[in-house]
Amino acid sequence: MTDLLDIDRSLTTPDFFAGMEFHDLFTRLRAEDPVHWTEGTHDRNFWSLSRYADCLTIMSDATLFSNLAGPHLPPKGRELTPEEHHRFGTGSHILLSDPPDHGRKRRPMNKHFAVPVVTPMRPVFTEIVNEILDEAAARNDVDLVADIAAQLPVKVILRLLGVAEEDWSTLQNMAVRMMHSQDATTHDAAYVEAQHDELTAKVAYMDQVFQYCAGLIRDRRATPREDYASIFAQLSDGGEPFSERDAGFMAVGFVLGGLEGTRNAVSVGLMELMNRPEQARRLVDSPGLAKSAVEEVLRWTTPSKNRLRVATADTEIGGQKIRKGEWVVGWITSANRDEEVFERPFEFDIARSPNKHLSFGHGTHSCIGRAMARLEMEILFPEVFRRFPTIEARGEPEWVVSDNATGLNRFPVRLEAR
Amino acid sequence: MKTVTFVVDGVDRVLDATGHANLMQVAVENDIPTIEGECGGDMTCGTCHVYLESTPEGYDAPRGADEEDMLEVVEAPTEASRLACQLPVDESVGGLRLRVPT
């Protein structure tokens, strides 16, 4: 990394982000050019924000900084066509909506994801964690990702949503392909044969998830059950029922957000704890550390690296003039290592406090499912290391190739029970 | 002084609310138990539930529809239930008294 051209090329190359080495580039940007005009290989150039304060700025004003181009930098920085926008859920998906529409859709959902609703789920989540670890214990040699990290959100989220168990793996595959479309290893043969670009693939997989979820909504409108699909099916805004499309995209958000972010945070979190046996031991010995350990895993991993916003008016960020219509990308993965905010930002410390990371976003669009994700991890992390004090790598961790998702595709390990 | 009283386990905690936007912030700043204010006041987390015991004259902070919505899911709601983030610190807040669920 010697000149700005190299920086720009790196920021627009998904392979560059597979691992943790990319942080060196952001350390330099935070110091030298924190609001950086990025002219890489993408279709569109964009502003790269690397400091915490600037990332906070764009997430704090959902009117000045619009979500309508999508919540994250799209593959190759290509804009969606109007037809793709429709299939992607723009205007219906809460992450692709702006105020005041966004509030009308999100407000009726908030209470169903609030801490007082999620906290009583602890016994169910604990049972799921035990089920996963019982199965892993019976085999000893496992893939940390497929057998543990991915299992947890699938069993929690798809069960809560009310998806029939025989459909879990199908839906899981659609979600992974949608979220990791830049990773060649996730695509199916039909995609490769058709030589689709990554964004076309992303839209197609999004549509698959939506079609499945719309089916769930139709079913629950006819026959309500005790599940989140029924909650979404019955959502209304001031007495006006949500359209099937709006309700369907609520379920889409639950599936995509619920499965992918947790899987990625858990995979990296377990690996980092494995590599720091003294911290893993402390976590087992001091259950009070579980909450702060989860926050540190979230900060450290930042399962979703960036947030895309479009300036809706001329403005200024960090002394740089931003013009109306320009793309502004907040690299929260960098914000979460900002020396101005975090002491020893490059140290993984499960007791870190305070830890005001931005991994769940901030403001209007902050992750609605965060209480569930936190509870899942709070139960899993200590329990894994209580049962298996030693976890030994049996191969190299394989990172997801993505400028947004930070996670592992595979990591073979041997579990050694106490 | 904008003095407010938080009743915690039957014990009065008298706090100065000056400099804060709302009573959730006052509680968090003073480590009042059970009040987390995780969402920062967006009414998305439901972690600042309190029971309003008395309000000073002129203090006007009616419940909004979104607050009513969230109060449906908090533990043991009553007529006196409020989200502390929706109780602003203003000129008339002095003397307000509320109880924290325990």
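Reply: What follows is a walk through sheets, helix packing, backbone angles and the contact between the chains. This is a predicted model, in which local features need pLDDT of at least 70 and side-chain atom pairs count only at pLDDT 80 or more, while totals for chains, interfaces and linings use all residues. Residues are numbered from 1 along each chain as its sequence is written, and chains are lettered from A and ligands numbered from 1 in the order in which they are written.

Me: Let us start with chain B. What does its secondary structure come to?

Reply: Helices (H or I, at least four residues) and strands (E, at least two) are DSSP runs, numbered from the N terminus. Chain B has two helices and five strands, and along the sequence they follow the pattern β-β-α-β-α-β-β.

Me: What does the radius of gyration say about chain B?

Reply: The radius is taken over C-alpha atoms, and the globule rule is 2.2 Å times the number of residues to the power 0.38. For 102 residues, a compact globule would have a radius near 13 Å; chain B has 12 Å, which agrees. Its C-alpha atoms fill a box of roughly 35 × 25 × 25 Å along the principal axes.

Me: How should I read a sheet, and in what order do the strands of chain B stand?

Reply: Strands of a sheet pair through backbone hydrogen bonds, either parallel or antiparallel. Here two strands pair if DSSP finds at least two bridges between them. Chain B has an open sheet of five strands in the order β2-β1-β5-β3-β4, with mixed pairing. At its edges stand β2 (11–16) and β4 (81–83) of chain B, each with a single partner strand, so one side of each is left without a neighbour in the sheet. The twist averages 40° from one strand to the next. As an example of pairing, β3 (residues 49–54) and β5 (residues 97–99) of chain B are antiparallel over three bridges, with Ser54(B) partnered by Arg97(B) in β5(B).

Me: And which order do the strands take in the open sheet of chain A?

Reply: The order is β1-β2-β10-β7-β3 (chain A), an open sheet of five strands with mixed pairing. Its edge strands are β1 (35–38) and β3 (65–66) of chain A; each has a single partner strand, so one side of each lacks a neighbour in the sheet. Two bridges join β3(A) to the antiparallel strand β7 (residues 306–311) of chain A, and Phe65(A) has Ala311(A) as its bridge partner in β7(A). In turn, β7(A) is joined to β10(A) by five bridges, again antiparallel, and Leu308(A) stands opposite Val329(A) in β10(A).

Me: Now helix packing. At what angle do α10(A) and α12(A) pack?

Reply: Axes are lines fitted to C-alpha atoms, for helices over the stretch in contact, and angles run from 0 to 180 degrees between N-to-C directions. Helix α10 (residues 168–179) and helix α12 (residues 198–222) of chain A pack at about 150°, with axes 8 Å apart.

Me: How does α12(A) meet α14(A)?

Reply: The axes of α12(A) and helix α14 (residues 244–274) of chain A come within 8 Å and cross at roughly 120°. That makes α12(A) oblique to α14(A). By class, this contact has 12 nonpolar, one polar and two charged residues.

Me: Which backbone angles deserve a look?

Reply: Most residues other than glycine have a negative phi, and most peptide bonds are trans. The bond from Pro99(A) to Pro100(A) is cis, with omega near 0°, and Pro100(A) is in the loop between α4 (82–88) and α5 (101–110) of chain A. Another cis bond joins Ser353(A) and Pro354(A), with omega about -5°. Lys76(A), in the loop between β3 and α4 of chain A, has a positive phi near 60°.

Me: Finally, how many residues of chain B are in contact with chain A?

Reply: Two residues are in contact if their C-beta atoms, placed from the backbone, lie within 7 Å. By that rule, 13 residues of chain B are in contact with seven residues of chain A. The chain B side has five nonpolar, three polar and five charged residues.

Note on methods
Ala, Val, Leu, Ile, Met, Phe, Trp, Tyr, Cys and Pro count as nonpolar, Asp, Glu, Lys and Arg as charged, and the others, Gly among them, as polar. Angles under 35 degrees count as roughly parallel, over 145 as roughly antiparallel, 65 to 115 as roughly perpendicular and the rest as oblique.
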